[in-house]
Amino acid sequence: MKSGKRTMMGDDDTAAALSPFPNPRVRGTDPQAKDLMPPGGGGEHGCTEQDHPLATGRRDEGAPSHPMPPPPLIVPVASEKKKKKHKQGQEHEKHPAGSLPEGPLVEILSRVPYKSFCRFKCVSKPWLALCSDPDIRKRSPQTMAGFFLRNYGMRPCFINLSGRGQPLVDPFLSFLRESFKLLIPQHCCGGLVLCKYWESYCFEEDEYNLVVCNPATKKWAELPPNPIQLQDEDEEEVEEYLCFDPAVPSRFMVFTHTWDFTEVTIYSSDTGRWTTVESGWIDKTPIGLPVFLNGTLHLMTTEYSIVTVDTEGKVWGQIDIPGNMRDSSDYPFIGQSQGRLYAWCINDNVDVCQLLVWALEDYGGAKWALKDTVNISELFGRDRYKYVEPLAIHPDCDLIFLTDRRGKAISYDMDSKKVHVIGTHETFYGAIPYVPCFAEWPSDGH
């Protein structure tokens, strides 16, 4: 090497040794490096005749006595991109959605279905922290997650509707079984579940109590003994229904009655006590699952009418069903979907056995509209005309669930007309539809 000049080095390893940066871009391999060259041009490898060697602690013979200035720094394009990406990553760690303010972001996430909302936790740690915020989680809209079953013993009592992955809630209700030996889910409403429980494994039917729980939050409240059960040991079977509106999460009600409605009691979480009320439904016999809609409990009866009562037991009413439902071979069922009351029945008193579905369009005027009619043979096959029992209707779409007492359970989409097998009749026997709720529990809950 001559004094004041550097011998040209042609291989990349030598260029790397002379650069303060790893893997520098050289003109021969990166066309963008031309824009980064200092004035004065350069050699074929990006070094100029005026380049100087790096200081080594000694001077070559004939070199000037004054210190040599360092070579001009050529910043590789890759380094600039890396710094920019790193800076963006730091910003992302602070704000999962970039520059979007937290207020609008929370408002957007509160409208995302819960299952999709949970998937966002896998994006990054900031998203995990954001999506774990209980204030956002409890505002996230929920949809039907599956069915609770009236199972005795320690068997699973929940069926995951999707059939894939882990269910949204503990299928064994383990958080309750730590306190109660035996329990059976009786009714679901608004995300809460009403269960019967026994103190020991050797139980008698007339020695149970009631507990209300939220499977999504694992909170529960034990109810005091029902006065109906205490009045007469030989009392007929008592029916219990839960009334809960997620829009008013601070309270729930439990409505109970004897089979003929001669005695009615209502439990309020506000007072923590049972109240005996005068029945307005004498000589009515309920069938099927009740529906709690618009602050009112609805029950189908064997008299082919829907009876109603408010949560305080003061306003009693009745809704007539469509006339041709009275001609059906079995009692109608009721449910609620998309904010409306639905009724459906199986009619095999005609040449072709059919499923009829009606929607209550005008609640005040009891005006029903026929929603769908389909032949049972199209749902279960030509050999399955009888023994078909409706299970439930999806609360957010036109999807109905039915079971054939001889075999399978299906879902039927009234819009697309598609049918899917979801299980067997034995699996779904006594199934109760469940929609999760993450609302705050009343202050006296466990």
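Select R251 and D270: their side chains meet in a salt bridge, with 2.7 Å from N to O. The model is predicted, and this pair is the starting point of the tour. R251 lies in the loop between β7 (238-243) and β8 (253-258), while D270 lies in the loop between β9 (264-268) and β10 (273-277). The pair links distant parts of the chain, its members being 19 residues apart.

Next, select K371 and D398. These two form a salt bridge in which the closest N and O atoms are 3.5 Å apart. K371 belongs to strand β18 (residues 367-375), and D398 is found in the loop between β19 (388-393) and β20 (399-404). Here 27 residues separate the partners, and again distant parts of the chain are linked. K371 is partly exposed, at 34% relative accessible area. D398 counts as buried because its relative accessible area is 9%, under the 20% cut-off.

The side chains of K417 and D372 meet in a salt bridge of 2.4 Å, N to O. K417 sits in the loop between β21 (408-413) and β22 (419-424), and D372 is in strand β18, 45 residues apart from K417. Is D372 buried or exposed? D372 is buried, with a relative accessible area of 5%. K417 is partly exposed, at 46%.

Note on methods:
Residues numbered from 1 in each chain as written. Predicted model: local features only at pLDDT ≥ 70, side-chain atom pairs only at ≥ 80, totals over all residues. Heavy atoms only, no water. Salt bridge = Lys/Arg side-chain N within 4 Å of Asp/Glu carboxyl O. Helix = DSSP H or I, 4+ residues; strand = E, 2+ residues; numbered from the N terminus. Buried < 20%, exposed > 50% of the residue type's maximum accessible area, 1.4 Å probe, protein only.
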